[in-house]
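Please keep the structure in view while reading.

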Amino acid sequence: MSMSRALLTDHYELTMLQAALRSGVASRRAVFEVFARHLPDGRRYGVVVGTGRLLEALRDFRFGEEELAFLRDNQVVDARTLDFLSGYRFSGDLYGYREGECYFPGSPIVTVEGTFAEAVLLETVILSILNHDCAIAGAASRMVHAAGSRPLIEMGSRRTHEMAAVAAARAAYVCGFASTSNLMAGHAYGVPTAGTAAHAFTLLHDSEEEAFQAQIDSLGAGTTLLVDTYDVAEAVRTGVELAGPDLGAVRLDSGDLAEVAHAVRKQLDALGAHKTRIIVTSDLDEYTIAALAAAPVDGYGVGTSLVTGSGAPTAALVYKLVAREDAEGVMRPVAKKSVGKPSRGGRKHAFRRLDASGTASAELVTVSGDRPADSRPLQAELVRGGEIVGWEELDAARERHRQAVAELPSTARQLARGYEAIPTVFDR
């Protein structure tokens, strides 16, 4: 659904615009940067996801008659500001880390260059997208590595806002999830979708056998049967009896998953269903997934922990002015000195330093822009003169993430709280 994104913003951005128009500084060139002062929850790396959604939002960031009427009727801004907003189009430039890339404290994830008037209005929409999607991605990446070669399905739509669910499914796919239960994510972004039946379907029928037969008749013997509505062992026996040894999978959604999985695997093998897979769900996170590594489990379904960032629902990203044009037309670095919230002035450039084996050893952030030896650039051009030039397919971001994590030291994949996998080095 296409809609204006212009009111997905904070009131103070428009009052700053009004005051800047009145004082004559609104047209000064400005550079804003999105970065994190720290990673959430003692994690080893962050993941950039949401850039594609950000570009969609920028494309639709327009003040139409309805938005202008709301601002006028509620006396949010004056007539001069309304006139400016009626013709608002971002005509500046955006640079940023590509989706799927890893980031660290101080990484200039997105750089916005334009007039102050144009750029200041984008703070909230940029941060609301990236803070959510990067948080989900950070959790999803950890889950994927905890799962190893076993596939994961994202199934958290019923545990979050309806549109956040779509964004979460998208972020999870970039980080390696195999599929999602969310059909809108499939429609909007091409994320593979999957799903079979819930306990309600079994309870609807007069017997579990009738429910299983109906599902098999509809979806085929390769379907996944939910076997813990009543008695697991009896359900497994019934499922194999009805579908035969070609039963696709059984799903476990309760109890001691490791213990039950071992019992079910033994039973399936005894019944000749050696190829029938075991899928587990039930409030999984990266820690429970890792704990199931030795269990005969073939796949995981993850819901609540995924869509809430597994305890870190925001990436704590900020949007700060780092350079601005002065009265003489010269660009000057600017920085906050607030206690606990300082910033670094100047437009930044970022590079990933690699050692002789190709393993990342540092995040280099420079003002000069000179590319250090043995490094690769991290920022790409996303918007040029207001025109979007950075579109890419989601599968490209998915592959980038696989490569980016593989490039990090092995400590990056540890689940325990700890320091960043590589240091951020600031160089003037």
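## Strand β3 and its partners

Tyr95 has Glu381 in β17 as its bridge partner. Strands and helices here are DSSP runs, numbered from the N terminus (E, at least two residues, for strands; H or I, at least four, for helices). β3 and strand β17 (residues 379-384) run antiparallel and are joined by 4 bridges; two strands pair if DSSP finds at least two bridges between them. β3 also pairs with strand β5 (residues 110-115), in the antiparallel sense, over 4 bridges. In β5, Val112 stands opposite Leu94.

## Basis of the model

This is a predicted model, in which local features need pLDDT of at least 70 and side-chain atom pairs count only at pLDDT 80 or more, while totals for chains, interfaces and linings use all residues. Residues are numbered from 1 along each chain as its sequence is written, and side-chain values use heavy atoms, with hydrogens and water left out.

## Salt bridges

Side chains of opposite charge can pair when their charged atoms come close. A salt bridge is counted when a side-chain nitrogen of Lys or Arg is within 4 Å of a carboxyl oxygen of Asp or Glu. The whole structure holds 22 salt bridges.

Glu101 forms a salt bridge with Arg352 (3.2 Å, N to O). Glu101 lies in the loop between β3 (93-97) and β4 (102-103) and Arg352 in strand β14 (residues 349-354), so this pair ties together parts 251 residues apart in sequence. Glu101 also forms a salt bridge with Arg376, with the closest N and O atoms 3.0 Å apart. Arg376 is in strand β16 (residues 375-377), 275 residues from Glu101. Glu101 counts as buried because its relative accessibility is 4%; the classes are buried (under 20% relative accessible area), exposed (over 50%) and partly exposed (in between), with a 1.4 Å probe and protein chains only. Arg352 is buried too. Glu101, Arg352, Glu363, Arg376 and Glu407 are linked in a network of salt bridges.

## Helix α12

Helix α12 (residues 257-270) has 14 residues and reaches 20 Å from its first C-alpha to its last, close to the expected 20 Å. The expected span is 1.5 Å times one less than the number of residues.

In α12, Leu257, Ala261, Val264, Arg265 and Leu268 are buried. They lie on the same side of α12 because they cover an arc of only 105° around the axis, taken from the directions from the helix axis to the C-beta atoms. Glu259, Lys266 and Ala270 are exposed on the other side. After α12 comes Gly272, with a positive phi near 85°.
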